[in-house]
Amino acid sequence: MRRWRALAHASSCGVCLQGVVHAQYRMWQMEFQRRVGNASLAEVAGAAALATDKEMAMYGFYAAAEEAWTQLQPETKAAVQAYTDGINAYLDSDPHLPFEFIILGYKPNPWRPADSLVRAGPCVACSMVLVAASHMPRSWRRCGPSSWR
């Protein structure tokens, strides 16, 4: 833990340490969401995930995340990079990975800033749709999911 504190102090904020903690406790969830977002789930889950990969590739979430990374304000970019550095520091420490990695027989690749953005993208998109739907006139909601009505 002392090493993580030093890393967080060196990055001048706790965002780096947050990356370490998230990776330590949520690495499989993060990896799964990254693979769904960048349409590479079939690489580890097999043919059963091909349909999901094709659909996600069609939406282009990862390309959008990479583009968003180039458009971020410098302060936001620094925070995302610090978070990424924390995740990679954890991965570089030869951690005990969750059993899903052991079962599937692989280790996660180094984290990239776009990986964090692609994880957030679908959540933000869904939230925006739900907020917009809640403000639609009832007559417009007939074509949407029953939860909008």
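Arg112 sits in the loop between α7 (99-104) and α8, where helices are DSSP runs of H or I with at least four residues, numbered from the N terminus. This is a predicted model, in which local features need pLDDT of at least 70, side-chain atom pairs count only at pLDDT 80 or more, and totals for chains, interfaces and linings use all residues. Residues are numbered from 1 along each chain as its sequence is written, and side-chain values use heavy atoms, with hydrogens and water left out.

**Around Arg112**
- Arg112 is partly exposed because its relative accessible area is 42% (buried is under 20%, exposed over 50%, partly exposed in between, with a 1.4 Å probe and protein chains only).
- Beyond its neighbours within four places in sequence, Arg112 is in contact (heavy atoms within 4.5 Å) with Arg34, Tyr62, Glu66 and Thr84.

**Around Asp115**
- Asp115 belongs to helix α8 (residues 113-134), and it counts as buried because its relative accessibility is 2%.
- From Asp115, the side chain reaches the backbone nitrogen of Arg112 at 2.8 Å.
- Not counting residues up to four places away in sequence, Asp115 touches Arg34, Tyr62 and Pro110.

**Around Leu91**
- Not counting residues up to four places away in sequence, Leu91 touches several residues, including Met27, Pro110 and Trp111.

Notes:
Helices (H or I, at least four residues) and strands (E, at least two) are DSSP runs, numbered from the N terminus. A polar contact is a pair of N or O atoms within 3.5 Å; within protein, one must be able to donate a hydrogen and the other to accept it, and residues adjacent in sequence count only if both atoms are side-chain atoms.
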